[in-house]
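Dear colleague,

I am passing the structure on to you below, with the sequence alongside. My notes on what was found in it follow.

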Amino acid sequence: MSKKPKTELNDAELSRYSRQILLPEIDYDGQLTLSQSHAVIFGLGGLGSPASLYLASAGIGKLTLVDFDEVDDSNLQRQIVHRENNIGQPKVLSAQQNLQALNHHIEIETVQQKLNETQLAGLIESADVVLDCTDNFASRFALNRSCYRAKKPLISGAAIRWEGQLSSYDFRKADSPCYQCLYKEEGGVELTCSQNGVLSPVVGMIGSMQAIEAIKALLNLPTLTGKLMIVDAYSMQIRTLNLKKDENCSHCGNA
């Protein structure tokens with residue numbers, strides 16, 4: 001049985017989210033919108049951990065967590081949604097347990113399997129915003145394709161060593177570039193944290209920024225659509241570059 005759509009915030013929610021409601025860009029109506037929203041998070045690792053924690057604490061009404069991996073002791077250095085007693089558990093169940101303990105007002109669903117194109121399309125169709133917290137190009141390109149077809153905003157983050165990057169692809173807007181405007185699917189060297197390392201607060205920074213971008217997308221506030229943010233934590237420098245839609249993009253060009 002599907003739950004009835006939420007039409008108001010109760011007293012407990014008004015108290016919990018009072019500091020956000022005070023923000024004029026959010027207010028009561030914005031917080032109610034967040035409580036009515038559905039965010040899908042792909043990847044419950046270094047990026048998905050802080051993103052999921054902040055979206056849960058911010059009162060996003062429904063989270064769907066997608067990951068098929070299990071918690072390992074080497075994850076705990078940066079994947080802060082998991083605990084030592086979660087080692088050996090599926091990441092989605094570990095995250096669900098800890099997020100639900102953080103906020104019982106929200107609904108959390110889990111998907112513990114690799115999804116084919118049809119399953120992926122169905123899940124994204126039900127979402128209001130999608131967060132790409134994965135660590136491989138194949139998943140990123142698949143999410144880009146599905147979000148583009150469904151016209152859903154996609155919040156994409158990545159981090160390696162001391163560096164991170166962030167962008168939003170809001171496919172509700174005709175002039176939004178896509179992930180393939182930045183990276184071509186047919187090429188590129190894939191770096192991994194297991195081979196190259198990563199400083200734990202770096203993924204924390206990027207994942208937290210993904211949560212901010214997701215909240216702004218849900219509230220139709222300005223996001224990084226058309227821009228690429230690059231963070232160098234070693235020098236503490238942040239650059240924001242323009243990212244235009246590629247008219248020759250094999251995916252979204254001349255759409």
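Predicted model: local features only at pLDDT ≥ 70, side-chain atom pairs only at ≥ 80, totals over all residues.

The buried residues of H5 are Lys91, Val92, Ser94, Ala95, Asn98 and Leu99. Viewed down the axis of H5, they fall within an arc of 160°, so they line one face of the helix. The length of H5 (residues 91-102) also agrees with expectation, because 12 residues at 1.5 Å a residue should span 16 Å and the end C-alpha atoms are 16 Å apart.

Turning to the aromatic residues, a search of the whole structure finds eight aromatic pairs. In one of them, the ring centres of Tyr148 and Phe171 are 5.5 Å apart and the planes stand at 90°, so this pair is edge-to-face. Because Tyr148 belongs to helix H7 (residues 137-150) and Phe171 to the loop between strand E6 (163-170) and helix H8 (179-182), the pair ties together parts that are 23 residues apart in sequence. Tyr148 counts as buried at 14% relative accessibility, and Phe171 is buried too, with a relative accessible area of 5%.

A further pair, Tyr179 with Tyr183, is tilted, with 5.4 Å from centre to centre and 45° between the planes; here Tyr179 counts as buried at 4% relative accessibility, whereas Tyr183, at 29%, counts as partly exposed. Ring pairs link Phe137, Phe141, Tyr148, Tyr169, Phe171, Tyr179 and Tyr183 into a cluster. Finally, Lys151 lies over the face of Tyr148, 4.1 Å from the ring centre.

Technical notes: Residues numbered from 1 in each chain as written. Heavy atoms only, no water. Helix = DSSP H or I, 4+ residues; strand = E, 2+ residues; numbered from the N terminus. Expected span 1.5 Å × (residues − 1). Buried < 20%, exposed > 50% of the residue type's maximum accessible area, 1.4 Å probe, protein only. Arc of directions from axis to C-beta. Phe/Tyr/Trp six-rings, centres within 6.5 Å; stacked < 30°, edge-to-face > 60°. Lys NZ or Arg CZ within 6 Å of the ring centre and 35° of its normal.
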